[in-house]
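Colleague: Thanks for making time today. Could we walk through a few residues together, one question at a time?

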Amino acid sequence: SVTVQDAGGDHAGDVVLFDSDTDIAVVRTEGLSGEPLRLSTEELERGAGGATLGFPGGGGLDTHEAAVQDQYNARGLDIYGRSTVTRQVYELRSPVREGDSGGPFVLPNGRVAGVVFAASTTNSETGYALTGAEVADEVQDGIDSPGPVQTGGCTH
């Protein structure tokens with residue numbers, strides 16, 4: 001089961017889109033207390049600032065200042081390690097910890113510019129986010145989805 005928490009409490013949710021290539025799931029719920037954040041698909045320049053938000057270690061909300069270091073197409077494996085995929089990513093100057101994955105990279109104007117998905121293995125102050133343009137189709141497909149979908153097996 002999926003639960004979304006906000007200031008008003010817990011809300012049941014349904015996964016309405018799951019993409020193992022980008023490791024993105026879209027959850028639909030009702031009755032949230034705030035307006036949804038808007039997605040920015042514009043390409044950001046080096047130095048563009050914002051913040052990453054996440055729940056490291058399963059704890060409370062944690063935020064970190066973030067700045068774009070680079071943007072490129074990264075090749076890697078899908079979440080099951082079966083096939084090679086290419087994803088458009090931002091390299092961010094921002095620490096990313098286990099539990100931050102899936103959290104937003106938010107711009108000062110409140111728009112979401114990316115979705116955090118990985119930490120550098122060589123630099124603790126570097127993290128990675130899928131760009132807004134990379135996840136835009138998945139977000140729209142989730143909005144348009146008629147109902148719940150299967151997510152497949154958990155690998156971790």
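Predicted model: local features only at pLDDT ≥ 70, side-chain atom pairs only at ≥ 80, totals over all residues.

Colleague: Let me start with D10: does D10 count as buried or exposed?

Modeller: D10 lies in strand β2, which covers residues 9-19. The cut-off for exposed is over 50% relative accessible area. D10 has 55% relative accessibility, so D10 counts as exposed.

Colleague: With which side chain does the side chain of D10 make a polar contact?

Modeller: Setting aside residues up to four places away in sequence, D10 touches T3, V4 and Q5. A polar contact at 3.3 Å joins the side chain of D10 to the side chain of one of these residues, Q5.

Colleague: How far apart in space are D10 and T122, C-alpha to C-alpha?

Modeller: Along the sequence, D10 and T122 are 112 residues apart. In space, their C-alpha to C-alpha separation is 37 Å.

Colleague: Now to G31: does G31 count as buried or exposed?

Modeller: G31 sits in the loop between β3 (24-29) and β4 (49-54). Its relative accessibility is 59%, and the exposed class begins over 50%. G31 therefore counts as exposed.

Colleague: Which residues is G31 in contact with, leaving aside neighbours within four places in sequence?

Modeller: T63 is 32 residues from G31 along the chain, and their C-alpha atoms are separated by 25 Å. With neighbours within four places left aside, the residues in contact with G31 are D6 and H11.

Colleague: And Q69, does Q69 count as buried or exposed?

Modeller: Q69 belongs to strand β5, residues 62-77. Beyond residues up to four places away in sequence, Q69 touches R46, E91, L92 and R93. Buried means under 20% relative accessible area. Q69 comes in at 17% relative accessibility, so Q69 counts as buried.

Colleague: I'm curious about aromatics too: how many aromatic pairs does a search of the whole structure find?

Modeller: Searching the whole structure for aromatic pairs gives a count of one.

Colleague: What geometry does the pair of Y90 and F105 have?

Modeller: The centres of Y90 and F105 are 6.2 Å apart, with 75 degrees between the planes. Planes over 60 degrees apart count as edge-to-face, so the Y90 and F105 pair is edge-to-face.

Colleague: How many residues apart in sequence are the parts that this pair ties together?

Modeller: Both Y90 and F105 are buried. Y90 lies in strand β6 (residues 84-93) and F105 in strand β7 (residues 104-106). The pair therefore ties together parts whose separation in sequence is 15 residues.

Technical notes:
Residues numbered from 1 in each chain as written. Heavy atoms only, no water. Helix = DSSP H or I, 4+ residues; strand = E, 2+ residues; numbered from the N terminus. Buried < 20%, exposed > 50% of the residue type's maximum accessible area, 1.4 Å probe, protein only. Contact = heavy atoms within 4.5 Å. Polar contact = N/O pair within 3.5 Å; in protein donor to acceptor, adjacent residues only side chain to side chain. Phe/Tyr/Trp six-rings, centres within 6.5 Å; stacked < 30°, edge-to-face > 60°.
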